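Welcome, and please bring the model up in your viewer. We will take it one selection at a time.

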Amino acid sequence: MTGTGFMTGLRFLVLGAAAGGGLPQWNCNCSNCAAARDPSSGLAAQTQSSLAVSIDGENWAIFNASPDIRQQIQQTPQLHPKALRHSPIRSVIITNADVDHIGGLLTIREKQAFDLFSTSAIGAVIDANPVFRVLDRAFVKRHAIRLDEDFSPLEGLEARIFAVPGKVALFLEEGEPELGLEGEQTIGIEFIAAGKRAYYIPGCATLPDWLCERIRGADLVFFDGTVFTDDEMIRVGTGIKTGERMGHMPITGDGGSLEALSKLDIGRMVYVHINNTNPIWRNGAERDAVNAAGFEVGHDGMEIDLD
Ligand code: MLT
Ligand code: MN
Ligand code: ZN
């Protein structure tokens with residue numbers, strides 16, 4: 001149930017389940033994108049990567065500001081203004097500086113107060129581009145958060161960020177970027193409230209042992225589901241990059257996330273940040289394989305309450 005304001009616990013709302021570009025992507029006519037434009041296909045369009053989190057159902061923290069945030073707010077009654085000028089969005093937290101995670105900051109610029117949390121490295125990327133000065137610091141408080149330190153994006157919500165293997169944002173690449181970099185560029189989030197533990201990791205290049213141990217036994221994990229197989233974009237013919245080169249580990253194949261995560265006694269496993277080329281968007285063997293492992297395919301509007 002949502003919007004009662006009386007419940008406490010961790011409440012998650014997938015605002016955007018797709019990776020950068022969304023589904024359909026504006027310039028793509030792959031079979032998934034074509035299906036997402038066809039109302040009779042049963043495949044609903046999906047917006048770009050973002051997760052909303054609340055404790056009371058009234059106040060929300062938004063993890064990643066996608067370029068689709070205006071549409072996401074529009075299609076999410078919990079995020080509508082409740083007064084002449086108002087927003088239930090109390091804070092925005094950025095997990096990496098890719099366009100799909102920061103582009104929406106330009107939309108939520110209308111002199112509305114909220115807290116913006118990021119690592120110093122991601123904050124520096126935002127600061128380096130003067131267009132983000134539209135986020136008036138008189139209203140938008142900036143907070144640099146440190147790896148492995150607690151912070152509170154909402155009253156009653158304890159969160160912690162940690163480095164996950166990744167790379168610098170695509171638009172900052174110069175030559176061959178370091179892949180599997182563990183630093184402030186790409187982070188995961190740990191949530192703790194009401195005795196529950198959950199994670200949001202929309203971008204992750206590999207699952208080293210330390211990361212598996214960290215998330216072992218969690219009640220809920222939202223995890224990078226960008227590509228089903230490493231060479232998927234090449235095989236579909238939409239690009240020349242592997243998942244690995246994009247900083248995203250595949251779901252299956254060598255070093256796939258499905259097998260590694262299956263062993264970790266996670267209560268609920270949900271793939272998010274799913275690229276438009278990924279076959280798990282549609283019914284078929286790949287989606288069946290994910291479901292057979294007990295994993296879910298995220299979708300816009302998906303709600304999960306941990307009470
Ligand atoms: C990614 O997650 O790989 C990025 O969203 C790529 C991009 O910025 O288009
Ligand atoms: Mn992305
Ligand atoms: Zn496509």
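How many bridges join strand 8 to strand 9 (residues 187-193)? There are 6, and the two strands run antiparallel. Strands here are DSSP runs of E with at least two residues, helices are runs of H or I with at least four residues, and both are numbered from the N terminus; two strands pair if DSSP finds at least two bridges between them.

Before going on, a word on conventions. This is a predicted model, in which local features need pLDDT of at least 70, side-chain atom pairs count only at pLDDT 80 or more, and totals for chains, interfaces and linings use all residues. Residues are numbered from 1 along each chain as its sequence is written, chains are lettered from A and ligands numbered from 1 in the order in which they are written, and side-chain values use heavy atoms, with hydrogens and water left out.

**Stop 1**

Select residues 157-163, which make up strand 8. Of its 7 residues, 5 are buried (under 20% relative accessible area; exposed is over 50%, partly exposed in between, with a 1.4 Å probe and protein chains only). On the strand 9 side, find Glu158, which stands opposite Ile192. The hairpin of strands 7 and 8 has 2 residues between the strands, and Gly156 takes a positive phi near 85°.

**Stop 1: Arg214**

Next, pick Arg214 in helix 5 (residues 209-215). Beyond its neighbours within four places in sequence, Arg214 is in contact (heavy atoms within 4.5 Å) with Asp148, Arg160, Phe162, Glu190, Arg197 and Tyr199.

**Stop 2**

Donors are N, O and S atoms within 2.8 Å of the metal (3.2 Å for Na, K and Ca); water is not among the atoms, so sites may look incomplete. The pair is 173 residues apart: Asp100 sits in helix 3 (residues 99-102), and His273 in the loop between strand 12 (268-272) and helix 8 (285-292). Asp100 counts as buried because its relative accessible area is 7%, and His273 is buried at 4%.

**Stop 3: the zinc ion**

Finish at ligand 3, a zinc ion with Cys28 (SG), Cys30 (SG) and Cys33 (SG) as protein donors, at 2.2 to 2.3 Å. Along the chain these donors follow the spacing C-x1-C-x2-C. Cys28 is buried at 10% relative accessibility, and Cys30 is buried at 10%.
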